[in-house]
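Biologist: Please show me the chain and its model. I would like to go through the fold by question and answer.

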Amino acid sequence: MKEFFGMMRRFVLPYKKYVGLSILLNILSAVTNVFSFTLLIPILDILFQTGVNEKVYEYMEWGSASLKDVAVNNFYYYVTLMITEKGPMLTLLVIGVLFAIMTLIKTSCYFASSAVMIPLRTGVVHDIRVMLYKKIMGLPLAFFSQERKGDIIARMSGDVGEVENSITSSLDLLLKNPILIMFYFSTLLLTSWELTLFTILVLPGMGWIMGRVGKRLKRRSLEAQEKWSNVMSQLDESLGGLRIIKAFIAEEQMVNRFTSSSKGVRDAITKVSTRQAMAHPMSEFLGTVLIVFVLWFGGFLILNESSRIDAPTFIFYMVILYSIINPLKEFSKVGYNIPKGLASLERIDKIMSAKNPITEPANPVEIKTLVDKIELKNVSFSYGTREVLHDINLEIPKGKTIALVGQSGSGKSTLVDLIPRYHDVQQGEVLINGTNIKNFRVRDLRAIIGNVNQEAILFNDTFFNNIAFGCEGATMEQVIEAAKIANAHDFIMATENGYETNIGDRGGRLSGGQRQRVSIARAILKNPPVLILDEATSALDTESERLVQEALERLMKTRTTVAIAHRLSTIKHADEICVLHEGKIVERGKHEELLAKDGYYKKLNDMQSLT
């Protein structure tokens, strides 16, 4: 339960006013419930004529005896007085109406105590979901290379939903039932301490049985949620790779794979649900056994005339005892639900507790633009034990275009990812304007850098919102101007709603060249002094490449550019070309100089010429 109370401190504390109001209403509900059942005793006395008419009661001053004795005596005093003056039938009606009024107050308080907890329940789940999303947005790219996207989606949906269903729904019961149990138990103790002592001796054994049944729920639930994450991951992979699945006629293979995973989820959930379904019938049976034991013991005392309570009071005792069973059953339900939810909370906490190595400086240096140059000094970087970059030294002067070429896996993309701090170097340093980039706020650093990637990452939104993404307050005129520079305006205006047309999931309604030009328009609108181009034209046909290249050339004017290129024709006019091989810069210079060296660059150029 340590995790549960930790969650209470983190998420429930902001809603403490709802908790306080719920406790107050639950106390009022318990008090009125006890008093309403107390009215059963005179009703039974009147109905069965067990002696209330014959007994003579005198009014007692408050404080002249114990509170219980004075309250009981005076209550019977007024009942006998009413019987004498108004008759038993009218007295019975008055007591019955009073019983109904007390029950109305009790049920109203019971409903209100649950209603005030609804904002807490929905609020806690909302807070968890937003906090989890915020954490995901703040984690470095390296984290997502180790986690499956489907698993993260499962934690955002299935696990958060399980926390809502299992834990927050139990908060109401967790507040309500201890109050009811405390008041009912106090009433039992005041009514007959002998019977209550007997009840206390029987209860621990029943609680032990219930505990044994629910002990393995958390482990079973954790297993079920992990299998559900696997199913979500497979679904995400299938949707992303649908074209390949169909091309290789692998639909049946994927269906079989998914069916197998789904069957694992079904089996795990079946075990959890079966164990959870045992809670109600088992608690019902154990409650009945408890009633039987107490009924036997109470009957034994009364029949042997060794009890200090009469028959109507014993019936009242049994009613209260039966009333305490329901809160105990609900409490046992909480004992089942919370471990189930804690398994999901544990999976959520794996993301929430993930460390972000990209830390903000304590005293950040201000940066607004590139004044001098970007410099990588003795930079080395590894993914785990695999070294990707080794002792890189590179200067990128302001206003110049530096191109990076080399075979796949040579470290080009990793190198440019170090500049906006998507990763931090393990050795060496990256400097901008002579200052280590770790001394800048991450937000300020990335604000001066624009990206155009090989895969144009767009959102299921309008052209306007995709181009204006990250530029709050951008006007339609500014967006149109950026689109014109990026050669995108004409095809945008040819769509049904122009800039308000939705481009579909990941820009699925557009061609590759169109997606790339929208991506370039977004970078133009941001107007960054530093531009990173990661193979921006490598996946395009000749016509699209020409249009995109024109847009890129307009974008690169007056900007400092780092360009990764596979097609050497696109970077012939770069101020410097760096050739990477196995994580090292093995050649550098202009296009003609590198051809004259007859080294790696010449080989790359010759292979593309042959192609």
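Modeller: A salt bridge is a side-chain nitrogen of Lys or Arg within 4 Å of a carboxyl oxygen of Asp or Glu. This is a predicted model, where local features need pLDDT of at least 70, side-chain atom pairs count only at pLDDT 80 or more, and totals for chains, interfaces and linings use all residues. Residues are numbered from 1 along each chain as its sequence is written, and side-chain values use heavy atoms, with hydrogens and water left out.

Biologist: How many salt bridges does that rule count?

Modeller: Side chains of opposite charge can pair when their charged atoms come close. Under the rule, the count of salt bridges is ten.

Biologist: What is the N to O distance between the side chains of Lys602 and Asp606?

Modeller: Both residues sit in helix 23 (residues 600–610), four residues apart, about one turn of the helix. Helices are DSSP runs of H or I with at least four residues, strands are runs of E with at least two, and both are numbered from the N terminus. An α-helix has 3.6 residues a turn, so residues three or four places apart point the same way. The salt bridge between Lys602 and Asp606 has an N to O distance of 3.0 Å.

Biologist: Is Asp606 buried, exposed or partly exposed?

Modeller: Buried means under 20% relative accessible area, exposed means over 50%, and partly exposed is in between (1.4 Å probe, protein chains only). Asp606 has 30% relative accessibility, so Asp606 is partly exposed.

Biologist: Which residues do salt bridges with shared partners join into one network?

Modeller: One link runs from Arg266 to Asp267, with the closest N and O atoms 3.4 Å apart. Asp267 is partly exposed, at 28% relative accessible area. The network consists of Lys263, Arg266 and Asp267.

Biologist: Is Glu375 buried or exposed?

Modeller: Glu375 forms a salt bridge with Lys373, and their closest N and O atoms are 3.9 Å apart. Lys373 is partly exposed, at 22% relative accessibility. Glu375 has a relative accessible area of 17%, so Glu375 is buried.

Biologist: What share of the 611 residues in the chain is buried?

Modeller: The chain has 23 helices and ten strands. It exposes about 32,200 Å², of which carbon and sulfur atoms supply 60%; such areas come from the Shrake-Rupley method with a 1.4 Å probe, and for residues only the protein chains shown count as cover. The buried share of the 611 residues is 47%.

Biologist: Which residues touch the most other members of the largest nonpolar core?

Modeller: A nonpolar core is a set of buried Ala, Val, Leu, Ile, Met, Phe, Trp, Tyr and Cys residues joined through side-chain atoms within 4.5 Å. In soluble globular proteins, nonpolar side chains tend to be buried together. Of the 42 residues in this core, those touching the most other members are Ile467, Ile520 and Ile571.

Biologist: Which helix gives the most to this core?

Modeller: Elements that give two or more residues include strand 3 (401–405), helix 18 (476–485), helix 20 (512–526) and strand 9 (576–581). With six residues, the one that gives the most is helix 20.

Biologist: How many of the 15 residues of helix 20 are buried?

Modeller: Helix 20 reaches 22 Å from its first C-alpha to its last, close to the 21 Å expected at 1.5 Å a residue; the expected span is 1.5 Å times one less than the number of residues. Among its buried residues are Arg517, Ile520 and Arg522. Helix 20 is mostly covered, and its buried residues number eleven.

Biologist: With which residues is Ile571 in contact, leaving aside its neighbours within four places in sequence?

Modeller: Contact means heavy atoms within 4.5 Å. By that rule, the partners of Ile571 are Ala403, Val405, Ala563, Ala565, Ile577 and Tyr601.

Biologist: Is Arg155 buried or exposed?

Modeller: Arg155 lies in helix 8 (residues 149–191). Its contacts beyond four places in sequence include Leu132, Glu147 and Arg347. At 5% relative accessibility, Arg155 is buried.

Biologist: Which helix supplies the largest share of the nonpolar patch?

Modeller: Patches are made of residues with over 30% relative accessible area and no salt bridge, with like charges joined within 9 Å and nonpolar side chains (Val, Leu, Ile, Met, Phe, Trp, Tyr) within 5 Å. Leu28, Leu90, Leu93, Val94, Val97, Ile101 and Ile105 form this one, with about 570 Å² of accessible area together. Leu93 is exposed, at 54% relative accessibility. Six residues of the patch come from helix 5.
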